[in-house]
Amino acid sequence: MIENRAKTRPIYLDNHATTPMDPEVVSLMEPYWNESFGNPHSSGHFYGWEAEEAVEVSREKVADLIGADTDEIYFTSGATEANNIAIKGVGRFYSSHRKKIITCVSEHMCVLDSAFQLEREGFDVVYLEVDRLGFVDLNELRDAIDEQTILVSIMAANNEIGILQPIEEIAKICSENKVFFHTDAAQAVGKIPINVRKMGVDLMSLTAHKVYGPMGVGALFVSKKNGVKLEPLFSGGGQEKGLRSGTLSTPLCVGFGEAMSLAKNKMNNESRFLKSSRDQMWEYFREHIDGVRLNGCLERRLPGNLNFSFEGVDGASLIAALPDLAFSTGSACTSASEEVSHVLQAIGLSNKQAESTIRIGLGRFTTSEDIQVACDRIASEVIKLRDKPTHYIAAQ
Ligand SMILES: *Cc1c(COP(=O)(O)O)cnc(C)c1O
């Protein structure tokens, strides 16, 4: 029975929402739920030392993937928390003399919401617009920076349309103007080469569950180089050098570290396969379906990301017609309250176009056969829905 059900599980094509854990990650975590259960902050006995050592080895693995030093990695519960600490933490620490931050309209909601909170606290926030492909304009960034500005926060890779912002150029502008630069790299880390030194970023947010690690753990990289200071969000026992109080989860840290090590070893081959699968899928749709548009930019894009609008087809109806596939619509996917994706709006899509959009995220465990099945199934359902006038958005 169970085997039977397992065989009929939908093909998973939503690797931007979360990734399945790599089996090697699961097996390395295993003992830390059981016999090696100690509190990594217990400094007086073996159980604590054992857990602490595992956490520190994991910290090294995380640092290694992004070219950081070990003491620049602060574990958090994920990228949401890391983004909150970075934005509110830097903003509040320097608020007595500099009260302006700059971000971008197509950021993840946790970045935007942190910025909204700072606005309520009296900060001046600039939300840079993006062009039709999703990129920020470097001249607009330059113009927005003034002597009141303390922080720029621009994501490395967009979670909806997969585009890669020009992080090195942004970092250069920030450093020339003596402004700190934070980047949300939740989607980028482990998918494209990242080196915090080469890129020149001061703060970077990471999460494990988008890179085949466990949910509920991530990190904030804080560079020692420019001496950036942050006000913590949590009061407590002063763990993570006072920046993030709370007992670290040893198994989650171990899983995160291993996920980063695996990413380091697998990234080159994996991204080559994902990129060619992605291009193959786009070619297939272009050949077999009229009125399909690829959102974002094909060249500067995450290897496994696709985001399509199918003219005249409602994305939610398409998902409903394809229970054998698991992917998400382009609309209403970043927050429970949002009706139309702010990212798709930002790149100039109408509400109708946004509602006819789907996002596909290919990943480590996607097979060539999955791609072929998904291509055939999506194309045939798009054509079928178009033949049923009641499903046309225009007819609603
Ligand atoms: C998933 C994601 C987040 C949130 O990460 P969590 O670890 O789930 O809190 C933040 N930013 C981006 C770009 C993401 O894709």
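**Ligand shell and selected residues**

C110 is buried, with a relative accessible area of 11%. The model discussed here is predicted. The disulfide count is zero. A disulfide would require two cysteine sulfur atoms within 2.5 Å.

On the backbone side, an N or O atom of A79 lies 2.9 Å from an oxygen atom of the ligand. The side chain of D184 places an N or O atom 2.6 Å from a nitrogen atom of the ligand. For H209, an N or O atom of the side chain is 2.8 Å from an oxygen atom of the ligand. Taken alone, the ligand exposes 380 Å². The protein buries 87% of that area.

Two residues were examined for their backbone phi angles. Most residues other than glycine have a negative phi. K178 has a positive phi, near 55°. K178 sits in the loop that joins α7 (167-176) to β6 (180-184). Its relative accessibility is 66%, which is over 50%, so K178 counts as exposed. Y212 also has a positive phi, near 70°. Y212 belongs to the loop between β7 (203-207) and β8 (218-222). In contrast to exposed K178, Y212 is buried, at 1% relative accessibility.

I163 occupies the loop between β5 (149-153) and α7. I163 is buried because its relative accessible area, 1%, is under 20%. Beyond four places in sequence, I163 contacts L133, G134, F135, A156, A157, N158, G296, C297, R300 and R301. One of these partners, F135, is 28 residues from I163 in sequence. The C-alpha atoms of I163 and F135 are 7.6 Å apart.

S328 lies in strand β12 (residues 328-329). At 11% relative accessibility, S328 is buried. With neighbours up to four places away in sequence set aside, the contacts of S328 are D14, I319, I358 and R359.

Strand β13 (residues 357-361) holds I360. The relative accessible area of I360 is 0%, under 20%, so I360 is buried. Outside four places in sequence, I360 touches L13, H16, M281, G304, N305, L306, F308, F327 and I378. I360 and V62 are 298 residues apart in sequence. Their C-alpha atoms are separated by 27 Å.

Definitions and conventions
Residues numbered from 1 in each chain as written. Predicted model: local features only at pLDDT ≥ 70, side-chain atom pairs only at ≥ 80, totals over all residues. Heavy atoms only, no water. Polar contact = N/O pair within 3.5 Å; in protein donor to acceptor, adjacent residues only side chain to side chain. Areas by Shrake-Rupley, 256 points an atom, 1.4 Å probe, with all protein chains shown as cover. Buried < 20%, exposed > 50% of the residue type's maximum accessible area, 1.4 Å probe, protein only. Helix = DSSP H or I, 4+ residues; strand = E, 2+ residues; numbered from the N terminus. Contact = heavy atoms within 4.5 Å.
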